[in-house]
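Biologist: Before we look at anything together, could you show me how to read a structure step by step?
Modeller: Gladly; here it is.

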Amino acid sequence: MKTPYIRIKNLHQSFGDREVLRGIDLDIYRGETLVILGASGCGKSILAKHLPGLLRPLEGEIWVGDVDITKLREREMGPIRHQIGMMFQGGALFDSFTVFENVAFPLREESDCKEDEIHRRVSEALEIVKLGAHADQFPSDISGGMRKRVALARAVVDVPACIIYDEPHAGLDPMTADTIDRLIKTLQSDHGITNIVITHEIRSVFRIADRVVFMKLGKIYWVGSPMELQATKDPFLRDFIEGNAQED
Ligand SMILES: Nc1ncnc2c1ncn2[C@@H]1O[C@H](COP(=O)(O)OP(=O)(O)OP(=O)(O)O)[C@@H](O)[C@H]1O
Ligand SMILES: [Mg+2]
């Protein structure tokens with residue numbers, strides 16, 4: 001029996017009187033690529049932000065290895081955030097930093113990383129996302145798809161044990177989306193990275209997922225393999241796969 005790397009237990013979150021997460025239970029295994037699907041507004045990004053402790057739940061537990069991170073103080077979160085990297089929906093780049101400095105940011109936060117080491121690792125990360133030639137440009141001077149790739153380079157630069165990608169495919173042309181998928185799988189196969197991918201790109205699910213989680217209205221609605229998803233007769237899932245998804 002595999003032991004989960006991350007265990008989410010009975011997670012609840014609300015904003016005002018709107019319940020956004022309504023009792024999430026989910027195990028994530030080391031080294032898997034887990035894809036999270038669900039209609040816009042169902043709580044995917046909010047769930048993701050709890051894993052590196054960027055949001056605190058109202059109720060519930062999140063175990064990362066043998067630590068319940070909901071019990072940690074803010075100043076104890078550092079090691080968790082090094083373990084769990086996040087590529088934010090929308091990129092969240094620093095506009096006044098060059099591409100290079102954006103990607104270098106997580107490394108500069110580790111005081112023991114030397115300048116030549118930073119240079120080598122940032123250059124490698126930029127090569128992976130094919131942005132080596134754009135290191136000195138600012139986010140405002142590159143395209144939306146390129147900004148996404150910068151955000152991805154920043155998420156992988158310190159090789160965390162787990163990476164959460166929030167909508168890595170949105171707004172990308174199919175070839176760039178393919179490149180991102182290949183990168184996600186390479187990180188899994190070559191570095192043993194656990195991938196959590198939030199996407200609306202159903203083609204990618206069948207390319208990259210080991211397991212699929214389907215969220216609906218702040219709960220886990222369905223968990224299964226891509227093959228099980230393909231074969232499902234559940235009308236709600238079929239609508240989603242076939243592109244008839246409803247907003248909440
Ligand atoms: N800071 C906030 N304050 C109040 N409500 C919020 C806040 N952040 C998110 N919400 C609400 O929580 C719900 C879930 O948001 P979330 O961003 O997780 O959706 P999502 O599933 O990621 O959607 P999408 O696919 O569009 O990215 C939405 O109804 C949203 O309006
Ligand atoms: Mg979202």
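**Reading the ligand shell and a helix**

Modeller: By class, the shell around ligand 1 holds four nonpolar, six polar and one charged residues, where Ala, Val, Leu, Ile, Met, Phe, Trp, Tyr, Cys and Pro count as nonpolar, Asp, Glu, Lys and Arg as charged, and the others, Gly among them, as polar. This is a predicted model, in which local features need pLDDT of at least 70 and side-chain atom pairs count only at pLDDT 80 or more, while totals for chains, interfaces and linings use all residues. Residues are numbered from 1 along each chain as its sequence is written, and chains are lettered from A and ligands numbered from 1 in the order in which they are written.

Biologist: Which helix gives the largest share of the shell around ligand 1?
Modeller: Helix α1 (residues 44-50) does, with three residues; helices here are DSSP runs (H or I, at least four residues), as are strands (E, at least two), numbered from the N terminus.

Biologist: How many residues of α5 are buried?
Modeller: A residue is buried if 20 or more other C-beta atoms, placed from the backbone, lie within 10 Å of its own. In α5, eleven of the 13 residues are buried, including Met146, Leu152 and Val156.

Biologist: Against which elements do the buried residues of α5 pack?
Modeller: They pack against β6 (84-87), α3 (99-109), α4 (115-128), β7 (162-166) and α6 (174-191).

Biologist: What does the secondary structure of the protein chain come to?
Modeller: The protein chain has nine helices and ten strands, and its C-alpha trace spans about 50 × 40 × 40 Å along its principal axes.

Definitions and conventions. A residue is buried if 20 or more other C-beta atoms lie within 10 Å of its own, exposed if 12 or fewer, and partly exposed in between; C-beta atoms are placed from the backbone. Two residues are in contact if their C-beta atoms, placed from the backbone, lie within 7 Å.
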